[in-house]
Amino acid sequence: MNRRELLRTAAAGGLAAALGTRASSQAQGEDSSPEELIWTRKVPVRWETDVAVIGGGIAGVTAAAAAARSGARVLLVERFAVTGGMLTVGGVANFCGEMTGQGEVFDEILAGLRAWNAIGHERPSVFHYETLAVVLQELLLKRNVKLLLHTRFVDAREEKGRITEILVCGKSGPEAVRARQFIDCSGEADLARAVGFATLKGRPEDGMQLPMSMIYFVRHVDGEAQGPRLPEGWFHPVRREDDLPMTSVWPDGPGGNAIKIKIPLFDATDTEGITAAEIQGRRRMWEVMDYHQQVEKKPWLLDHCSPHIGTREGARIVGDYVLSVNDVRAGRAFDDGIARGTFYLDGHKPDDDKRTYILPEDELEVPPYQIPLRSLIARDGKNLLMAGRCFSCDQLALSSARVSTTGAMMGQAAGIAAALAVEKGCDAHDLEGAAVREIVEARSARLEV
Ligand SMILES: Cc1cc2nc3c(=O)[nH]c(=O)nc-3n(C[C@H](O)[C@H](O)[C@H](O)COP(=O)(O)OP(=O)(O)OC[C@H]3O[C@@H](n4cnc5c(N)ncnc54)[C@H](O)[C@@H]3O)c2cc1C
């Protein structure tokens, strides 16, 4: 099957099927959970805390750090060995949007990167992502956040909208965390989906998400230096520039480049979908590597590929307010505005691997806009907040607000709100937006639009 056929098959919902897997169970209307295969098991409640955060990306780290700063006992669950999410394991290594006025947690992260001489060498916003992982873990530990690495959120217990415990699984096996407030920063809304709270995914007509991209790193070598190359007979070597997927190349330290290639049509919320995306991403990486080495004669060898494919969109949790692209375009302010977005509508077309956007290119710029607290509070729950990629918005609003700086602002606000709800003994819905906003601003977040 050639590339054109593969894309056509994928457009019909079957790229993963073409790879021997499945792009999206939802799109195909299948239910793959064999409900008869249920087993029971006693699980100890090993941790009790005030605020439990699921996911240690920029949103989860800033949420945990902010809740801890408010005096709450905080636990953060991260499935990988390091925090940082897309910024580290996804290889993004770059801040977009405004870097000042994002709140004291983000300020401390920036100060940490500067202290390590790990940001701003090629561009002010490009950082060394291995160092970010260290800066984030030390920030959490300094604030007494209980950090669980290699620990995956698996399931949750919920009664009448109140989440009581979450089931996590690390190396010591399944264990439970009891908390008063929960913050879902998983990007794929794992906690909300586990308890059946409403979520949104992809574009309205077919659920197709913003495309993924694989990010990998090359180093420059002299002359005939030896290293891995695509062997004959493997994959579909690219010979014409027109056959390349959207490819971005930027500097990555002395003698190196980072490269990002677009991998559309996979579902990040589906086990087989994300598996197929990783497989396709690594195949495509080698096809593009081969083009650079054989056609463009670049003196490049593969250094490493990000351990996780770059995921722009997973699932979004329906909150008390769903931020829309119209709000974003209007530069809307809210009485309970607690974060501010400034980035353009970076909505890549979901079903195309070229540099194409959902909107015409002259409609991408937006004025600064606010995100209301209500978009960080799950509509269907009493004690579930969210931040980052899974906050409550439509797909095009996400295409702007998903950037790391805005994610950090949302995280800080969600952490402040969760800690305040614990302190007041109230549900997240009963928080006064103005009270949260006051603390958010006092902690160096600029909200003016
Ligand atoms: C290709 C690409 C390029 C981008 N370029 C830029 C850029 O240049 N600048 C910029 O600012 N932004 C950029 N972004 C956007 C930005 O990087 C992300 O949107 C942002 O970092 C997401 O933060 P997050 O915390 O919401 O989610 P994530 O970073 O995805 O974090 C989610 C975390 O939750 C963890 N997790 C998930 N499920 C579970 C579970 N079940 N149990 C335990 N842990 C779990 C994950 O391991 C991860 O650490 C880019 C994104 C992509 C994909």
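**Entry 1: around the ligand**

I started with where the shell around the ligand comes from: domain 1 (45-204 + 313-442) and domain 2 (212-305) each give at least three residues to it. I keep in mind that this is a predicted model. I noted that 39 residues surround the ligand, and that the closest are Gly 55, Gly 57, Gly 85, Gly 310 and Gly 388. Next I looked up which elements give two or more residues to this shell, and found helix 3 (58-69), strand 4 (152-159), strand 8 (212-220) and helix 10 (404-424). Sorted by class, the shell has 16 polar, 14 nonpolar and nine charged residues.

**Entry 2: the two domains**

How far apart are the C-alpha centres of domain 1 and domain 2? I read 29 Å. In the contact, domain 1 takes part with 17 residues and domain 2 with 10 residues. I then checked the classes on the side of domain 1 that touches domain 2, and got nine charged, four polar and four nonpolar residues.

I traced an open sheet of four strands and wrote down the order 9-10-8-11, with antiparallel pairing. Which strands sit at the edges? They are strand 9 (247-251) and strand 11 (300-305), each of which pairs on one side only. On average, neighbouring strands here are turned by 30 degrees against each other, ignoring direction. I also found helix 7 (residues 271-295) packing on this sheet, where helix 7 touches strand 8, strand 9, strand 10 (256-263) and strand 11. The direction of helix 7 makes about 125 degrees with that of strand 10.

**Entry 3: the pairings, one by one**

I went through the neighbours in the sheet.

- Strand 8 and strand 11 are antiparallel and share five bridges; Tyr 216 has Cys 305 in strand 11 as its bridge partner.
- Strand 8 and strand 10 are antiparallel over eight bridges; here I found Val 218 bridged to Asn 257 in strand 10.
- Strand 9 and strand 10 are antiparallel over five bridges, and Thr 247 stands opposite Ile 261 in strand 10.

Is strand 10 largely enclosed or largely open? I counted six of its eight residues as buried, so strand 10 is largely enclosed by the rest of the structure.

**Entry 4: past the end of strand 10**

I followed the chain into the loop between strand 10 and helix 7, where Leu 265 lies. Leu 265 is not a glycine, yet its phi is positive, about 80 degrees. I stopped on this because most residues other than glycine have a negative phi. Leu 265 has 27 C-beta neighbours inside 10 Å, so I put it down as buried.

**Entry 5: another positive phi**

I found a second case in the loop between helix 4 (104-115) and helix 5, which holds Asn 117. The phi of Asn 117 is near 55 degrees, again a positive value in a residue other than glycine. Is Asn 117 buried or exposed? I found 10 other C-beta atoms within 10 Å, so Asn 117 is exposed.

**Entry 6: strands 1 and 2**

I turned to strand 1 (residues 45-54), which pairs with strand 2 in the parallel sense over four bridges. I then looked at which way the side chains of strand 2 (residues 74-77) point. Val 74 and Leu 76 go one way, Leu 75 and Val 77 go the other way, and all are buried.

**Entry 7: Leu 136**

My last stop was helix 5 (residues 129-142), which includes Leu 136. Why does Leu 136 count as buried? Because it has 29 C-beta neighbours inside 10 Å, and the cut-off for buried is 20 or more. Which residues is Leu 136 in contact with, leaving aside its neighbours within four places in sequence? I listed Val 61, Thr 83, Gly 84 and Ile 109. I also checked Leu 136 against Thr 62: they are 74 residues apart in sequence, while their C-alpha atoms are 9.1 Å apart in space.

Note on methods: Residues numbered from 1 in each chain as written. Predicted model: local features only at pLDDT ≥ 70, side-chain atom pairs only at ≥ 80, totals over all residues. Near = placed C-beta within 6 Å. Nonpolar A, V, L, I, M, F, W, Y, C, P; charged D, E, K, R; others polar. Domains from an automatic or database assignment. Pairing = 2+ DSSP bridges. Axes fitted to C-alpha atoms, helices over the stretch in contact; angles between N-to-C directions. Contact = placed C-beta atoms within 7 Å. Buried ≥ 20, exposed ≤ 12 C-beta atoms within 10 Å, placed from the backbone.
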